[in-house]
Amino acid sequence: MSAEATNPASPGPVAPTASAAATAPAVPRADRRKSRPRIDLRRLGRAALLGPAVRGKLPDAIGHVVEAHRAHHPDADLDPLRRAYVLAESSHRGQMRKSGEPYITHPLAVTLILAELGAETTTLTASLLHDTVEDTDVTLDQVREQFGEEVRYLVDGVTKLEKVDYGAAAEPETFRKMLVATGSDVRVMSIKLADRLHNMRTLGVMRPEKQARIAKVTRDVLIPLAERLGVQALKTEMEDLVFAILHREEYEHTRELIADNAARPDDPLAEVADEMRRVLREAGIQAEVLIRPRHFVSVHRVARKRGQLRGTDFGRLLVLVHEDADCYGVLGELHTCMTPVVSEFKDFIAVPKFNLYQSLHTAVARPDGQVVEVLIRTHQMHKVAEAGVVALGNPYAPASDAPASDAPADGERADPTRPGWLSRLLDWQQAAPDPDTFWSTLREDLAQDRELTVFRPDGGTLGLPEGATCVDAAYAQYGEDAHACIGARVNGRLATLSTVLKDGDTVQLLMGQDPASEPSREWLEHAHTPAARIAIQRWLATHPGGGTGPEDEGGPRREPAEATASQGSAGGSRADAAGGTETAGTAEGATPAERAPGARPRGADVLVDRPGAAVRLAGCCTPVPPDEITGFAVRGGVVTVHRVECAAVTHMKGRGRTELGVRWGNTTECRVTLVAESFGRPHLLADLTEAISSTGVDIVSATVEPPSQQRVRHTYTLQLPDAAHLPALMRAMRDVPGVYDVSRAQHQAPLP
């Protein structure tokens, strides 16, 4: 029963209806149950219809419902509505709302809301009966006998929602049941939302503290659910009603702003609408151009964002056409003949929003600088934008040629139109370890204002909340198998799992083959979806001491600051990545081992315009032939050689250092420092060193930094027999699975 319904000990006055005139006053509900445990539907039906003479007529009370229903479904069978109203009115007779109205006015109002949104007959029938099983002696079996299994299913779903307590302690279980009911049949939640809207409309008869409590629950959960189900018409009105209760002063101020704007002699939106109609008429595009005033909350948000409001801020223009292609035709004409604000363009037709919403969004500027927002959509898109899942009819009806035996069993139906976010919520609500975790993750998910769509390489899509990372994408696609994920490619480029995704990104998830793979505790810092967080937390709870991450499981370990690789040649020096490697056209800068007879040079020859000067290749940019180079004299008469694009060159020029002419000599052998960045995985260090050795390159030294955010940074100082081999070496290193970048060292060396 609605929170506003009462059952007086003696029936109050009832508004005259056809059924009321033929039936004796009802006894109180408690007494009826004692004397007649099972209601006689046939007797009540005959009495409510005033006998056989008017049996086939529709009661006048549901005339508005019928009119609204026929506007969307002209061929609908109205008999179920007639019989449902008769049962509802007879069953609720004697019950009153706190407003003093007969209780039947509530299910009638709820049904009218849904009829205006285009709900199909079964939903409207269940809406008329949605309180009968809870508040009267009607049973679910009787509903099935009179109206069939579908209506019984919906009435049962709404009844279960009404039975739960909205108190703070009961919130987790309350909304867990709401999600389950919604997932079983989205029409259940449609009825619930319409029920809440009508109760909010008549909330003024309650105490202020109760108004506030109901408004907060509506704001925190029911409005976000309406948004996700795409029922914008219900969502916006509930937002305004909540706004009026919880923020009275801001509401009154906003109302004054809207009233003042309505009193203006000119309307800039109307002027732009007229110009738009002329443009489209001349282009031969049949379209309706309508002005859609912003609702109170929307005006309040715009005022907070922009400060002083102008005439165009109080509404938007809506252009309705018949075909999808016409939407883009309208867009082209508007952008050609008017001044578009390109940054405001969004295409929700090619990529619909998570709640089925489709539309083109753009904006045009007036000569006086005012900006007019424009929505372009087809009539069908507009219907779905306003009514969301309510406009989808009965998504569970079997195909016309399907046998009756194929009908799904109670609670086993599959919804082909169920939004992706709802499927995800249903999955993780079952996996939530406790009610508190469920409640906190539910509220966080519902607090997300928008959802982004990312694409898989196979063309499929994933719906994720704004701010989601590759960790979230992995668990959205693979569930708990995502524990084995080692990285991702975003738009073709390798990226870490902590990478934040943007709407329209293409994400390829890289999965490891090791069955012992485990998630990292760090992943929790980057997980934004309930599915990812709950899966990681559950794994960590069942594996105490685990969660070291793939980078620590048999893969690169935290090596000493610098480890000498065995692949280096005997007597080879360890190059300091920051200090550089000394070399010269002569042997002055060579190490003792390099000056020994038979020892080969350890670096490329560099000729410098300063005879006898020792030469050192800078470790900050590791120049190799044929890089363009320059030199600077430093302490001790040594000349350091840098690549010309090195940041140190700019710094030393700024300090007034004089450049020296340097050039490569005849030898091509060189030493270079490369940095490989990778995802952590088992055996990565071994695979990298093998790839380097296979190119004929000697490893002088290697450094592996401690893993951070699933990334491992390797620094290798390498001796190349020929500088021309460098591109092939870098390609071989990039081809190692898990490596996402290889670059020349760009260390910030101590500046001389």
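# Close-up views of a predicted model

The protein chain has 27 helices and 24 strands. Both are DSSP runs numbered from the N terminus: helices are H or I over at least four residues, strands are E over at least two. This is a predicted model, where local features need pLDDT of at least 70 and side-chain atom pairs count only at pLDDT 80 or more, while totals for chains, interfaces and linings use all residues. Residues are numbered from 1 along each chain as its sequence is written, and side-chain values use heavy atoms, with hydrogens and water left out.

**View 1. The whole protein chain.** Of its 752 residues, 51% are buried. Buried means under 20% relative accessible area, exposed means over 50%, and partly exposed lies in between (1.4 Å probe, protein chains only). Contact means heavy atoms within 4.5 Å. Among contacts with a separation of 6 or more, 71% join residues 24 or more positions apart.

**View 2. The largest nonpolar core.** This core has 58 residues. L129, V143, L193 and L234 have the most contacts inside it. Helix α11 (residues 186–201) gives the most to this core, with 8 residues. A nonpolar core is a set of buried Ala, Val, Leu, Ile, Met, Phe, Trp, Tyr and Cys residues joined through side-chain atoms within 4.5 Å. Beyond its neighbours within four places in sequence, L193 contacts L222, A226, L229, L234 and M238. A second, separate core has 26 residues, including L452, V471, A473 and A488.

**View 3. Helix α13 against helix α16.** Two packed helices are described by the angle between their axes and the distance between the axes. Helix α13 (residues 232–246) and helix α16 (residues 296–306) pack at about 70 degrees, with their axes 8 Å apart. Axes are lines fitted to C-alpha atoms, for helices over the stretch in contact, and angles run from 0 to 180 degrees between N-to-C directions. α13 and α16 are therefore roughly perpendicular to each other. Angles of 65 to 115 degrees count as roughly perpendicular, under 35 as roughly parallel, over 145 as roughly antiparallel and the rest as oblique. E239, D240 and F243 of α13 meet F296, V297, H300 and R301 of α16. By class, the contact of α13 with α16 has 3 nonpolar, 1 polar and 3 charged residues. Ala, Val, Leu, Ile, Met, Phe, Trp, Tyr, Cys and Pro count as nonpolar, Asp, Glu, Lys and Arg as charged, and the others, Gly among them, as polar.

**View 4. H300 in helix α16.** H300 lies in helix α16. H300 is buried, with a relative accessible area of 18%. Not counting residues up to four places away in sequence, H300 touches F243, E250 and T254. The C-alpha atoms of H300 and R255 are separated by 9.4 Å, and the two residues are 45 apart along the chain.

**View 5. P268 in helix α15.** P268 belongs to helix α15 (residues 268–282). P268 is buried at 2% relative accessibility. G311, T312, R366 and Q370 touch P268, leaving out residues up to four places away in sequence. From P268 to D313, 45 residues apart along the chain, the C-alpha separation is 9.8 Å.

**View 6. Helix α21 and its surroundings.** The buried residues of α21 are C470, V471, D472, A473, A474 and Y475. They pack against β10 (461–465), β11, β13 (507–511), α22 (523–526) and α23. Helix α21 (residues 470–478) and helix α23 (residues 530–542) pack at an angle of about 85 degrees, with their axes 8 Å apart. α21 and α23 are therefore roughly perpendicular to each other. V471, D472 and Y475 of α21 make the contact with A532, A535 and I536 of α23. The residues of this contact divide into 5 nonpolar, no polar and 1 charged. Just after α21, G479 takes a positive phi of about 60 degrees.

**View 7. N491 in a loop.** N491 sits in the loop between β11 (485–490) and β12 (493–495). Most residues other than glycine have a negative phi. Phi of N491 is positive, near 55 degrees. N491 is partly exposed, with a relative accessible area of 44%.

**View 8. T673 in strand β21.** T673 is found in strand β21 (residues 670–679). T673 counts as buried at 5% relative accessibility. A polar contact of 3.4 Å joins the side chains of T673 and T717. A polar contact is a pair of N or O atoms within 3.5 Å; within protein, one must be able to donate a hydrogen and the other to accept it, and residues adjacent in sequence count only if both atoms are side-chain atoms.
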